[in-house]
Amino acid sequence: MILLMGAKDDAQILSVATQLDAMQQEYSVFDSSAFPQIDTIGYQPQSGNMVLKIGGQTLALADVKSMYWRNYLAPNHGSDNPIAHKDSVSLLKSVLNELGARAKNSAAAVHFHQEKPRQLAAVAKLGVKIPATYVGNDPLAVREFCQQHSEVIFKPVTGGDYAHLLTEEHLSVEHLNKSLRQAPVTLQRFIKGTNIRTYVIGDEVFSAEIRSQHTDFRTDGEIELTVIELPEHVRQQALAIKTTLGLAWTGIDWRRDMQGDYYFLEANPSPMFANFETYTGLPVARHLAQLLVAA
């Protein structure tokens with residue numbers, strides 16, 4: 001049995017499910033937000049037996065061949081009780097960690113992604129170019145970094161929001177003191193050029209150029225997508241990044257500058273791909289389904 005974890009109406013879940021249907025493969029969709037209100041989990045630590053009841057279907061975790069992890073939705077425990085929430089999260093995390101490498105991607109790889117400074121450092125050690133970067137909350141270091149680069153973007157350390165160009169207003173003493181006492185920030189030299197998205201699934205590599213006038217293409221509703229072939233050395237870097245970060249598959253975001261150099265921005269362990277498939281014909285869902293079946 002193959003497990004798909006995410007909302008039942010998520011476009012990525014639906015795309016993979018369609019491919020599994022075509023391959024006549026059994027699967028079940030587990031929406032973690034339905035636990036413990038609707039779905040149930042039972043665990044016997046002494047034997048290691050773990051059972052999920054999803055929509056009335058009973059599934060032993062030992063019988064799960066592989067799992068596509070679209071996203072982790074917070075458990076709906078039906079109350080504001082913080083202990084109830086922690087208890088639900090604890091059991092869910094036990095399920096995810098028990099799956100290990102059967103999960104595509106593993107819980108460990110997903111957690112690594114949430115430590116983006118460490119991810120950047122690991123990729124830089126491969127010899128892959130990354131933009132000049134500062135992560136921290138020292139106002140003096142922030143100003144020094146911005147003095148060294150003509151254009152700088154800022155974004156959250158863990159992601160979850162768009163990148164923005166930094167302005168003089170952001171560097172005011174009042175603003176810096178207020179914001180940096182709340183949280184550190186990621187600053188990067190802005191790379192003039194084009195966005196490239198690469199999907200690496202096993203040994204398969206697919207890429208598309210994303211043309212946009214916005215600082216962060218995700219804010220642009222009128223992007224242009226063109227399928228491209230990566231230079232061979234960049235293709236090999238993409239494969240090495242996947243392996244180094246412990247990923248079975250990933251979506252890598254690059255920035256290609258005006259000279260044609262590729263700068264690594266991020267490797268997402270569960271990227272969206274449904275719209276990319278629609279506009280480019282890239283067979284991401286098919287190869288992802290094949291990866292799950294072959295596990």
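## Salt bridges and how they are counted

A salt bridge here is a side-chain nitrogen of Lys or Arg within 4 Å of a carboxyl oxygen of Asp or Glu. This is a predicted model, in which local features need pLDDT of at least 70 and side-chain atom pairs count only at pLDDT 80 or more, while totals for chains, interfaces and linings use all residues. Residues are numbered from 1 along each chain as its sequence is written, and side-chain values use heavy atoms, with hydrogens and water left out.

By the salt-bridge rule, the count comes to 8. Three of these pairs are worth a visit in your viewer.

## Lysine 192 and glutamate 151

Lysine 192 and glutamate 151 form a salt bridge with an N to O distance of 2.1 Å. Lysine 192 sits in the loop between strand E11 (185–189) and strand E12 (193–201), and glutamate 151 in the loop between helix H5 (139–148) and strand E9 (152–155), so the bridge ties together parts 41 residues apart in sequence. Helices (H or I, at least four residues) and strands (E, at least two) are DSSP runs, numbered from the N terminus.

Glutamate 151 is partly exposed, at 25% relative accessible area. For these labels, buried means under 20%, exposed over 50%, and partly exposed in between (1.4 Å probe, protein chains only).

Next, look at aspartate 10 and arginine 70, whose closest N and O atoms are 3.3 Å apart in a salt bridge. This pair links distant parts of the chain, 60 residues apart: aspartate 10 is in the loop between strand E1 (2–5) and helix H1 (11–22), and arginine 70 in the loop between strand E6 (66–69) and helix H2 (82–99). Aspartate 10 is buried at 14% relative accessibility, and arginine 70 is buried at 12%.

Lysine 116 and glutamate 266 also meet in a salt bridge, at 2.8 Å from N to O. Here lysine 116 belongs to helix H4 (residues 116–124) and glutamate 266 to strand E16 (residues 262–268), 150 residues apart. Lysine 116 counts as buried at 15%, as does glutamate 266 at 17%.

## The second largest pocket

The second largest pocket holds about 290 Å³ of space. Of its 17 lining residues, those closest to the centre are Phe154, His175, Ser179, Leu180 and Val185. (On a 1 Å grid over the protein atoms alone, a pocket is an open set of points where a 1.4 Å probe fits, with protein on both sides within 12 Å along at least five of seven lines; lining residues have an atom within 4 Å of a point.)

Helix H6 (173–180) gives the largest share of this lining, 4 residues.

How values were computed. Grid points are joined across faces, edges and corners, and a volume is the space filled by probe spheres set on the points.
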